[in-house]
Amino acid sequence: MRAIVGTLVVFGCLLGGYLPHGSIDILIQPLEVVIICGGAFGAFIIANPGWVIKKSFSGALGLAKSSPYSKETYMELLGLMFRLFNKARREGLMAIEADVEDPHSSELFGTAPKIMANHHVVDFISDYLRLMISGASNPYQLEDLMILELDTHHHEALAPSEAVGKVAEGLPGFGIVAAVMGIIITMGYLDAGPLEIAHHMSVALVGTFLGILAAYGVVAPISSDIANRANEEGAFFGTIKACLMANLNGYAPQIAIEFGRKAIPGSSRPNFQEVDEFLQTLK
């Protein structure tokens, strides 16, 4: 929703400042759009593997929705981690083996529907709990492995943002290409009247205008927001890592959850009292 509102503000202010002095008809140039957007899209396809192209489009469309990593989602995560740690502490690690091996049939995982909707998160939690159950209890080795996996995952998550950012960098150039082509066309009308020459020159300049507008008013902000979502996802995984490492180091479930709470970004972090009261309802 924020992305939609921002886009409306950009175009609303632009047109609001232009229309009292000019006609919108001259700005409607479908062929210029074909040259600029088609050229940029073709370069985008050449430069990126298929999975990046797919994730770029899905990421851009996902910006119309609010971020999934809200305070409520973090509370749900902390509750799930507490339930898992509490059961393992009371009944032994083997007691959560069935939950880890088949999370989708687990009653514990079933209490966290927002977490279950993200298969990457479920896999991350299950994989490291499975390693702990299997006897991998060296905290230094597991932490190194987590860091390696999270670095790889974050690099992949940022790839669509970087790819879309390159498109934003190239769009003004394609706008110039469209403008130059428009001037070439105008050269063929030098024997026409001044008004017709002026019209063709205006169309050529619209190409530069559209390329710059698309770059800085639409595509670059989309690139930045996709990166913001990737960073939010990275922070979410960082919270899971903090909880798992605290539990592996022998802290009580409630203390391990406090480690995780401290890793939550300030804008989404619940306070100690909120988490404590929430965990009391789970005991």
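User: Which classes of residue make up the lining of the largest pocket?

Analyst: Rolling a probe the size of a water molecule over the atoms shows where empty space is left. A pocket here is an open set of points on a 1 Å grid over the protein atoms alone, where a 1.4 Å probe fits, with protein on both sides within 12 Å along at least five of seven lines; lining residues have an atom within 4 Å of a point. In this predicted model, where local features need pLDDT of at least 70 and side-chain atom pairs 80 or more, totals for linings use all residues. Numbering runs from 1 along each chain, and side-chain values use heavy atoms, without hydrogens or water. The lining of the largest pocket has 12 nonpolar, nine polar and six charged residues (Ala, Val, Leu, Ile, Met, Phe, Trp, Tyr, Cys and Pro count as nonpolar, Asp, Glu, Lys and Arg as charged, the others, Gly among them, as polar). Pro68, Tyr69, Asn118, Arg229 and Glu233 lie nearest its centre.

User: How does the lining of the second largest pocket divide by class?

Analyst: That lining has 22 nonpolar, two polar and no charged residues. Cys37, Val167, Leu171, Val218 and Val219 are the closest to the centre of this pocket.

User: What does isoleucine 115 contact, beyond its neighbours within four places in sequence?

Analyst: In soluble globular proteins, nonpolar side chains tend to be buried together. Contact means heavy atoms within 4.5 Å. Isoleucine 115, leaving aside those neighbours, is in contact with residues including Leu77, Leu80, Val121, Ile125 and Phe236, and also with Thr73 and Glu76.
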